[in-house]
Amino acid sequence: MRGFLLNRLSQSLILLLIVSIIGFVVLNLLPGGPLAQFGLDPGMTQDDLDRLKEQLGLNRPLWMQYLDWIWRLLQGDWGHSFRDNAPVLSVIGRHLFATLLLMGTSTAIAIAIGTWIGIRGATHRYSLFDHLATVGAMVALSIPTFWFGLVGIYIFSLKLGWVPAGNMYTIGDGSVLNYLHHLILPSIVLSLVHVAIWSRYMRTSTLDAISQDFVKTARAKGLTERRVIMKHVVGNALLPMITLAGVQLPSILTGALVTETVFTWPGMGRLFLDSLGYSDYPVVMGLLMFSAILVILGNLIADIAVAIVDPRIRLG
Amino acid sequence: MTERSNTNPNYSRRDALRLMALGGAAGLIAPNLLGKPAFAQNPPASPTGRVIVGFSQEPTVFNPLMPHTECDDAVHFSVFDALVRMDPKGVLQPNLVAEVPSQKNGGISEDGLLWRIRLRDDVRWHDGQPFTAEDVKFTLELITNPKFRAWRTAGHSLVRDIKVVSPTELTWRMEEAFAPYLSFLAETFMVPKHILEKEADPNAAAFNQAPVGTGAFKWAQRIAGDHIELVANTDYAGAGPYLERLVFKYIPDMTVLYTQFKSGDIDLVDQAFITADNYAEASTLPDRVVMLERGASVESIYLNLEKPQFKDPAVRQALYAAIDRKAILEGLYYGVHNPTETFMPQNSYYYNPNLPAQEFNIERARQILDEAGWVPGSDGIRVKDGVRLSFANSTTSGNHLREQTQQFLQQTFAEIGVEMTISNLPAAVMWGDFWLKSQFESAISGVTNVIAGDPDVANRLHTKAIVAKGGKGSNTGQYSNPEVDALLDKGTRTFDREERRAIYLRVQEIVRQDLPFLPLFAYANVFGRKKGLEGFEANSNARVASWHAAGWHWKD
């Protein structure tokens, strides 16, 4: 186990280094840069732009900027945002809660409903329910989230007035109920796609398990069908789902770009889009490294979890 | 000290009478539709209520001297004060000064070089410290401090020898006479010396995240990515505030911004306002006041005058005559914007309304080109002295309305034997060196030519402002006319309003004749607010609708 972890760690560090280099170069290759937005300001002169460029250190060669950045990062300094002059980690920290709330809720909904649909679809294969679930999943996967979001707002907020038209809470009302009320529509819209994914995986995985010999043995022992499914099938079918959960873990913290925009949700996805639009290099790089670390962590956790749950797998 | 309003401008008697006559009706019909500001009818005795203002960009920069976007202005205008304030009519009003300095009152010397500023004596920072001349000196010196990441330094870089005479008086010398500086001061917000002088690095000061000003509203909190909350400064030296709370809400999508205005989540739509395509529907919403307000920005086709195709004035005249502006404005822009013949904002005191009106006339356009000797070649495109009348037009790719405008122009230009190709670029490329260093052939751009309501346009039209020729400024079309240069030079040295007006009216005449760019329309913005929100005034000299929240209040 220890050897496995050390091995993984060294691989991860190399991976992070590569990600950071590619990210840094691509970001700086993008035309414009953080000062382009001031170019059309009335009264802004080329001299002012040149001065700002120098003050921000953007006139140095790219490799020098990169080395400076990574050296500071290794010392724990993630840099300062160009956009609001705050430390990058504090900028990220301010948006974490919103994303965790939204993504956590929608993922919980997705796992619960998706797993149930998947199991039921597999045990009642080719039934009306199974066909509806399959078609439903296709529809949910192929329709863009922003469209769902806008239609949802139109029907449930503007026409019916049941839920708010976005925002995380009503300004001036920080009660739990108020948060929950605002959470309903975006978390359902967001979970639609995930329900589809989870139900498809779960269905396949359950079908796999059902056809295994130990299931036949269990049935031959005379166990009730319900007991066979709950005790023998589902437990085994859930194993591949742990890996899927590990892959999905980073998205719980990095947020949803589109849904957060449509629902005016002040989360990480929104922050990423805004920082990109502003060419706020320190924050974009910070988010990139943050999600890269999460991806690596997510996979690692999934591998370890599978090993713990499934005695057939040994890490090393 | 007696009631000395910061904002009630010196309107003429006639204006006052007209307003009194309208007084009764003003509450019922949208006052601004009548072209007159809504006076605070019956503001409450103590600040009450809350207004939520929606923005499509997030205000993030709270140090008003650092580089920022227009949405940040709303916070600056509310939390801070400048020495002077530009009112909706383009008249400077005292804000932190006791009187606006001028040559008449001795605040500015005859040669325009020596300035004497007298400040109010009753202003306090939000933390209770008195505001003094030391703060003004500190602010102006911070802007030109090489270690400080200041925004624009135009005008400020000319200031020398700032001397504090007393807590309410200071003087300085200008390196050269520069009349627009007075207007620039309306956008230069004063920051507290006693807080910022302690900071080793003013760029990373804690102040930048929790600003302390002298303005009508105090900083309360910011929920990053969501909103900023301000509370009433009950010790405000000027009139107001009448609201207890002011919230600036960030709504990242233009459709959602409008939706939340419709659903009542926000009380007022600020930058980037209601989109033109929603104007008709918005006007029919119950309990909402929706108004078209003239902006400062002008949409034009910029011609790079150093390209051989555009050197001949006849070509520019012919192209101008071949533009069906009415069709573009009504067919593509929902009829919200206004035709214009000049770069000057139409609300400006310096706007010249007597310029010849453009007329769409294909026959006339052909005739102009024929007379100038541009003969159609074998492919139908006109040629003269080996120059083919063909050029590329560029703008931001993805801007659908501009793209449709281009296709429309392409067709009418083809009818007069001119070939226009479309070559659009992403915003960051388009408005970088390609635009600033005049690498384009022709471009469609919406430009605000004046700064802080001052009529000076040397930055856009003076020969010395051509970057491609080693100059400093934004004369990207490379327009050069010695007569205009001389007038612009004179304009920056002249302080008298009437004299300046004559100068800039003449500049507009010459520019209309020379046609260095072809004006398409002057932008109007669709403002929207809830009925009952009073004391609201639009001001095309400011970039935001929330330029003076101190005067807002809810009708009881």
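Okay, let's start with chain A: read along the sequence, its pattern is α-α-α-α-α-α-α-α-α-α-α-α-α. If you'd rather have a tally, that's 13 helices and zero strands. Before I go on, please keep in mind that what you see above is a predicted model.

Chain A has 316 residues, and 34% of them are buried. Now look at contacts within chain A between residues at least 6 apart in sequence: 72% of those join residues at least 24 apart.

The domain assignment for chain A gives domain 1, residues 2-68, and domain 2, residues 94-278. If you take the C-alpha centres of domain 1 and domain 2 of chain A, they lie 35 Å apart.

Next, a pair of helices to find on your screen. Helix 4 of chain A covers residues 88-123 and helix 7 of chain A covers residues 176-210; their axes are 5 Å apart, and they pack at an angle of about 35°. Which hand does the crossing of helix 4 and helix 7 of chain A have? It's right-handed. Sorted by class, the residues in that contact are 18 nonpolar, 12 polar and one charged.

A:Tyr126 isn't a glycine, yet it has a positive phi of about 65°. You'll find A:Tyr126 in the loop between helix 4 and helix 5 (128-142) of chain A. The other one is A:Thr264, again not a glycine, with a positive phi of about 50°. A:Thr264 is in the loop between helix 11 (257-262) and helix 12 (268-277) of chain A.

Here's one for you: is A:Tyr126 buried or exposed? A:Tyr126 has 9 C-beta neighbours inside 10 Å, and the cut-off for exposed is 12 or fewer, so it counts as exposed.

The contact takes 39 residues from chain A and 43 residues from chain B. On the chain B side, helix 6 (254-263) and helix 12 (427-430) each supply at least two residues. Helix 6 of chain B gives the most to that side, with five residues. By class, the side of chain B that touches chain A has 19 nonpolar, 16 polar and eight charged residues.

Now for some sheets, which we find in chain B. Quick reminder: strands of a sheet pair through backbone hydrogen bonds, either parallel or antiparallel. One open sheet in chain B has three strands in the order 4-6-5, with antiparallel pairing. Strand 4 (114-118) and strand 5 (159-166) of chain B are its edge strands, each pairing on one side only. On average, neighbouring strands of this sheet are turned by 20° against each other, direction ignored.

Zoom in on strand 5 and strand 6 (residues 169-174) of chain B: they run antiparallel and are joined by five bridges. Which residue of strand 6 stands opposite B:Val164? That's B:Leu170. And there's a helix here too: helix 3 (residues 133-143) of chain B lies across strand 4, strand 5 and strand 6, running at about 165° to strand 5.

Chain B has another open sheet of three strands, in the order 12-13-14, and its pairing is antiparallel. Strand 12 (375-376) and strand 14 (387-388) of chain B each have a single partner strand, so one side of each is left without a neighbour in the sheet. Strand 12 and strand 13 (residues 382-384) of chain B pair over two bridges, and B:Pro376 has B:Arg382 in strand 13 as its bridge partner.

Last stop: cis peptide bonds in chain B. One joins B:Gly240 to B:Pro241, with omega near -5°, and B:Pro241 is in the loop between strand 8 (227-232) and strand 9 (245-250) of chain B. Another joins B:Gln271 and B:Ala272, with omega about -5°. B:Ala272 is found in strand 10 (residues 268-274) of chain B.

Definitions and conventions. Residues numbered from 1 in each chain as written. Chains lettered and ligands numbered in written order. Predicted model: local features only at pLDDT ≥ 70, side-chain atom pairs only at ≥ 80, totals over all residues. Contact = placed C-beta atoms within 7 Å. Helix = DSSP H or I, 4+ residues; strand = E, 2+ residues; numbered from the N terminus. Nonpolar A, V, L, I, M, F, W, Y, C, P; charged D, E, K, R; others polar. Domains from an automatic or database assignment. Axes fitted to C-alpha atoms, helices over the stretch in contact; angles between N-to-C directions. Left-handed = near helix turned anticlockwise from the far one by under 90°. Pairing = 2+ DSSP bridges. Buried ≥ 20, exposed ≤ 12 C-beta atoms within 10 Å, placed from the backbone.
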